[in-house]
Amino acid sequence: MRAARHPAVTASHRTFSLLDRILVPIHREGWRFAGLFAIATLLLWWLWSPLGWVGLVATLWCVYFFRDPPRVTPIRSGLVIAPADGVVQAIEPAVPPTELGMPALPLIRISVFMNVFDVHVNRMPIDGTVLSLGYRPGKFFNASLDKASEFNERQSVRVRSTDGHEFAVVQIAGLVARRIRCDIEANQMVRAGERFGLIRFGSRVDVYLPEGIAPLAVVGQRSVAGETVFADLQSAEPMRRGEMR
């Protein structure tokens, strides 16, 4: 029979749980922006205190935007993990970016849209080796639009998993996002759930699954980078023809 917890212990546990959700680590790139926001806040306060309050809110939001919470990644081989926090906006056939040199054949693409309140640290979906990277300048359409994958500025990564499957992971700038950061290099070994980049502020990440692999994600669900399972390479369920439109 489980012993009942003392009310004070329960309250303390809840307090620490709440603090863990608020006091999360900040991505190193965020401190530079937070410093600039803080300086601007001091200037605004000196000019007119009501503007200083606006600046303070903006500074706190900047710190919140660059949060980098720890994640618990499933460790079983063959699982394809979500690369970004956000909403799965589309699951459809599409040809991978030409700059990666992959065959011009449609693959299932899972698109995750990140709004300005989502965590923007991106994580690798699979264990493997980075085969190539490709950057292409472009427009800054709203990342929630279908044409964003084709026309917006993007950073693409081609990865071969440890069992030989090839993936494409694409960071796409959005309407507000003007900077894509990718911290990996060609021939680098990567792990599922490992941080590999960041996009600011509001953007999209696409994952192209290998041919014949059925997605486990559904349109409209929320994904958690480094934790949500998008596909299983060891699944015996075949892709049903005409399933994704």
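The model is predicted, so local features need pLDDT of at least 70 and side-chain atom pairs count only at pLDDT 80 or more, while totals for chains, interfaces and linings use all residues. Residues are numbered from 1 along each chain as its sequence is written, and side-chain values use heavy atoms, with hydrogens and water left out.

**E166**
- E166 is found in strand 7, residues 166-173, where strands are DSSP runs of E, at least two residues, numbered from the N terminus.
- With a relative accessible area of 18%, E166 is buried, a term that means under 20% relative accessible area with a 1.4 Å probe and protein chains only.
- The side chain of E166 makes polar contacts with the side chains of R158 at 2.7 Å and R160 at 2.9 Å; a polar contact is a pair of N or O atoms within 3.5 Å, and within protein one must be able to donate a hydrogen and the other to accept it, with residues adjacent in sequence counting only if both atoms are side-chain atoms.

**Nonpolar cores**
- The largest nonpolar core has 30 residues, of which V80, I184, L209 and F230 touch the most other members; such a core is a set of buried Ala, Val, Leu, Ile, Met, Phe, Trp, Tyr and Cys residues joined through side-chain atoms within 4.5 Å.
- Strand 3 (107-114) is one of the strands that each supply at least two residues of this core, and its four residues are the largest share.
- A second, separate core of nine residues includes A94, M102, I172 and Y208.

**Pocket lining**
- Seven nonpolar, six polar and four charged residues make up the lining of the second largest pocket, in which Ala, Val, Leu, Ile, Met, Phe, Trp, Tyr, Cys and Pro count as nonpolar, Asp, Glu, Lys and Arg as charged, and the others, Gly among them, as polar; a pocket is an open set of points on a 1 Å grid over the protein atoms alone, where a 1.4 Å probe fits, with protein on both sides within 12 Å along at least five of seven lines, and lining residues have an atom within 4 Å of a point.

Conventions: Buried means under 20% relative accessible area, exposed over 50%, partly exposed in between (1.4 Å probe, protein chains only).
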